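Grab the model and work through these exercises with the structure open beside you. Try each task before reading its solution.

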Amino acid sequence: MVHKETTDTQKKKTKRNPRGSHAYEVLLIIAAVLFILATAYTQYNPMDIILQPQNFISFITNDFFPVDFSKVFNNLDTIFMTIQMAIGAAFISAILAFITAVFGSRYTAPFQPLTKIIRGFASFLRNIPSLVWAFILFMSLGVGTGVGFVALSISTYSFLVRSFIETIDEVSTDSIEALTSCGASFWQKIFQGVIPSCIQGFLSWFLYCIEVNIRDSTIIGMVGGGGIGMVLFTYIKSFKYHSASGIILAVALMVIIVDVLTNYLRKVVETS
Amino acid sequence: MSEVALELQRQYSQITFSANGKIRVSKPRQNLQIKLFLIFIAFISIVSIYFLDIDWAKLFSRVPDLGIMFVKLANFNFKLIGQILSDFALSVSVTILATVYSAVLGILFGAFAARNVIKSRVITTFTRSFFTFIRAVPTPVWVLLMLVCVGLGPAPAIAGLSVHATAFFTRAFAQSYEEVDADVIEALASTGANKVQIFFSAILPAAMSSIVAWCGLRFEINFSESAILGMVGAGGIGYSIMNNMQGYDYGSAGVAIVLVYLFAFSVELLFTKIKLKYVK
Amino acid sequence: MEQNVLLKFENVSKNYANGVQALKNVTLEIESGEFVAIIGPSGAGKSTVLRCINKMIDASEGKIFVEGQEITRLHGKSIREVRRKVGMIFQNYNLVYRLSVMQNVLHGRLGYMSDFDSIFGHYKEEDKIRAVELLSEIGLHEFMYNRAGELSGGQKQRVGIARAFMQNPKILLCDEPISSLDPSSSKIVMDNIYDLSQKHHIACIVNLHQIDVALNYATRIIGLCDGQVVYDGSAEGLSRKMIEEIYHTSFDNLIVGNGEKYGT
């Protein structure tokens with residue numbers, strides 16, 4: 001998460017304030033309490049798995065290997081479909097999110113009350129997991145690539161609205177202030193102030209979303225959105241583990257390639 | 001070019017003119033990279049969407065059905081609230097346990113992946129690559145595999161979520177470790193401390209605020225994933241939502257969805273407030 | 001009202017929701033061609049006064065007149081028309097760093113242009129020529145195509161000055177223009193502000209922390225403390241006692257440059 005890594009909240013270390021040491025202790029206690037409660041509720045004992053790895057090992061050796069790569073080649077078109085969905089959804093969402101974000105940032109919005117509405121709306125979309133959206137959409141609009149695309153777009157859109165607003169707030173406030181004092185109108189501020197200063201940040205977020213979407217697209221596929229996810233899910237549920245292993249490796253490879261590509265492109269964008 | 005223009009060019013040698021004789025306001029190559037990039041992205045995206053062969057007309061014609069669905073979901077049915085709450089508690093517990101276990105493992109493995117903790121490039125690269133692979137496999141896939149190995153119950157969900165989250169934390173914490181000031185490490189090394197002591201006395205405390213921030217971030221994501229896991233068969237609130245919707249009990253599903261939303265929203269609000277308060 | 005009163009504050013107050021009173025009953029008049037420095041401790045209301053003039057902040061009570069027009073009740077398009085008459089430069093320069101120096105200067109004309117032209121950056125030729133000439137007046141025409149972000153602090157501020165003057169303003173507001181600059185750049189910037197505003201007969205109001213700078217350039221000083229005007233008079237009349245009253249502390253607790261300049 002390169003961009004998140006560079007926001008101020010992660011980069012700056014907490015100052016050694018007098019309450020600093022207590023804060024960690026409090027956190028630790030809260031975490032310990034929650035941990036105990038959760039363990040009690042679920043009766044989870046990791047030692048069960050760790051000390052008895054026979055199941056796991058036999059699964060890996062017998063069912064996982066040998067990997068059936070032929071299935072991968074049969075499904076190349078579905079793999080591409082997953083990638084297409086990821087990029088396409090990110091693109092549409094980015095455009096819509098940009099338009100929404102300029103009305104949602106309190107520095108650029110023409111009407112202040114609008115910002116709260118927009119942020120609330122984006123928060124509502126964002127805090128409902130993408131798969132839940134996918135499910136709602138599948139149950140009402142039917143299963144299929146198009147619906148999966150829309151579900152992916154909703155989760156990408158809501159994420160980008162917040163990220164874009166954050167970028168605008170971080171980067172353009174000063175220049176927007178100056179343009180306002182010159183007598184610039186809303187559109188002038190957007191095109192001569194916001195876009196030039198934020199375009200790098202927007203592109204960076206967009207590329208990050210492509211990376212996330214590859215994974216989300218696969219997951220949404222599992223529930224019915226088409227693409228490689230559905231193929232994988234079917235193989236696993238029908239015990240065809242040799243085929244599944246090939247697909248898993250293919251998915252991992254796809255994710256890694258997209259990761260590397262987008263990180264490279266983000267570096268290019270950030271230094272241009 | 002006009003008289004005025006020629007006069008200007010004589011006075012200020014820097015001025016350049018565009019093809020139709022107008023004064024330029026910026027270098028022609030300026031921002032060219034970004035513009036090309038934008039065009040490239042737009043092209044690829046539009047081609048991608050086109051070849052998906054989505055029947056947009058049909059899709060949009062069915063939007064009213066979505067509206068009907070929302071109405072049905074909003075028609076809250078609290079009869080099954082007990083079941084829903086216990087599923088919810090399960091998801092929350094899964095989130096907590098997965099976050100705690102993977103954070104602890106991440107602190108350990110992150111050390112092996114940090115170039116300023118382990119001198120051996122071989123070890124750090126191997127650790128990083130290994131966990132990059134693990135991270136590349138989406139969480140639900142891990143959980144599905146765990147389901148096959150371990151069976152039913154919350155265990156596969158916790159284990160599967162932990163696997164992916166550990167890989168995430170490994171890379172995040174390795175970065176936190178590497179961000180620690182080299183001077184601090186040097187100072188302690190010069191007093192004769194060995195590697196382990198340096199790690200626990202210098203690197204870990206300095207990286208702590210970053211680690212806590214990552215944990216907070218991942219907790220939100222973990223909850224989101226944990227809610228989803230129910231839909232691939234691992235139990236929890238996701239299962240509750242899916243089951244009720246497939247059984248046409250939209251009212252109950254609506255309650256479950258709102259519960260998920262409220263929790264995620266509250267956590268987000270809480271963390272934002274904490275961030276504002278403690279990190280200047 | 002006299003013909004050349006450019007700016008008038010009548011019992012202006014600004015209250016915030018959390019109870020903070022940024023301005024209390026401020027009354028003053030500024031004529032065209034004046035060079036006024038506002039001094040006072042942090043939080044005294046210096047920035048608030050400036051921002052009330054171009055309605056970046058709305059006054060809670062009282063009336064403000066710009067060129068005889070009462071601006072407190074204005075909305076929408078008329079606010080734009082007031083703002084383009086009032087140029088402003090900022091402590092942090094507030095430039096768009098990715099754009100060229102020339103593009104930043106031309107932003108001063110946005111208040112006079114239609115949306116459509118601005119979106120595509122279609123500035124009029126005479127505006128571009130004026131921009132070049134302005135840049136040449138402040139000595140930055142060599143950098144006209146450089147990205148604004150590539151310049152030094154002092155240079156960036158001067159681009160900001162050029163942008164403000166592109167507006168053909170009647171009033172120039174300067175919010176702590178040299179706070180982020182080294183002594184040499186500070187002098188160049190203050191000289192630019194002074195020379196250009198005197199040359200084009202523009203009233204200039206400058207917020208400053210540095211009292212010696214204020215005395216060097218301004219003929220009139222306004223001292224603000226706790227949102228109230230504590231001193232409004234000539235630079236010569238600013239005595240030690242006055243300074244102590246403005247800053248609410250003994251003279252020994254202040255760094256004010258050459259102490260001998262001030263009478264008692």
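**Exercise 1.** Find out how many residues of S3(C) are buried, and say what follows for the strand.

*Solution.* Keep in mind that this is a predicted model.
- Start with the count: a residue is buried if 20 or more other C-beta atoms lie within 10 Å of its own. Five of the five residues of S3(C) pass, so the strand is largely enclosed by the rest of the structure.
- Next, sort the side chains by direction. C:Phe35, C:Ala37 and C:Ile39 point one way, while C:Val36 and C:Ile38 point the other way, and all are buried.

**Exercise 2.** Work out the strand order of the six-stranded open sheet in chain C, then decide which strands stand at the edges.

*Solution.* 
- Trace the order across the sheet: S6-S7-S8-S3-S9-S10, with mixed pairing.
- Go to the two ends. Strand S6 (86–89) and strand S10 (228–234) of chain C each have a single partner strand, so one side of each is left without a neighbour in the sheet.
- Check the twist while you're there: the average is 15° from one strand to the next.
- Zoom in on the S6 end. S6(C) and strand S7 (residues 171–175) of chain C run parallel and share four bridges; C:Ile89 faces C:Cys174 of S7(C).

**Exercise 3.** Describe the make-up of chain A, and pick out the stretch with pLDDT below 50.

*Solution.* 
- Count elements: chain A has 14 helices and zero strands.
- Check burial and contacts. Of the 272 residues of chain A, 50% count as buried. Of the contacts in chain A with a separation of 6 or more, 73% come from residues 24 or more positions apart.
- Finish with confidence. The chain A average is a pLDDT of 84, and 92% of the residues score at least 70. Residues 1–17 of chain A are below 50, although this stretch has 22 contacts in the model beyond near neighbours in sequence. Where pLDDT is low, the predicted coordinates should not be read in detail.

**Exercise 4.** Which element of chain A gives the most residues to the side that touches chain C?

*Solution.* 
- Size up the contact: 18 residues come from chain A and 22 residues from chain C.
- List the elements of chain A giving two or more residues: helix H11 (173–182) and helix H12 (186–225).
- Pick the top contributor, which is H11(A) with eight residues.
- Sort the chain A side by class: seven nonpolar, nine polar and two charged.

Conventions. Residues are numbered from 1 along each chain as its sequence is written. Chains are lettered from A and ligands numbered from 1 in the order in which they are written. This is a predicted model: local features need pLDDT of at least 70, side-chain atom pairs count only at pLDDT 80 or more; totals for chains, interfaces and linings use all residues. pLDDT is the predictor's confidence in each residue, from 0 to 100. Two residues are in contact if their C-beta atoms, placed from the backbone, lie within 7 Å. Two strands pair if DSSP finds at least two bridges between them. Axes are lines fitted to C-alpha atoms, for helices over the stretch in contact, and angles run from 0 to 180 degrees between N-to-C directions. Ala, Val, Leu, Ile, Met, Phe, Trp, Tyr, Cys and Pro count as nonpolar, Asp, Glu, Lys and Arg as charged, and the others, Gly among them, as polar. A residue is buried if 20 or more other C-beta atoms lie within 10 Å of its own, exposed if 12 or fewer, and partly exposed in between; C-beta atoms are placed from the backbone.
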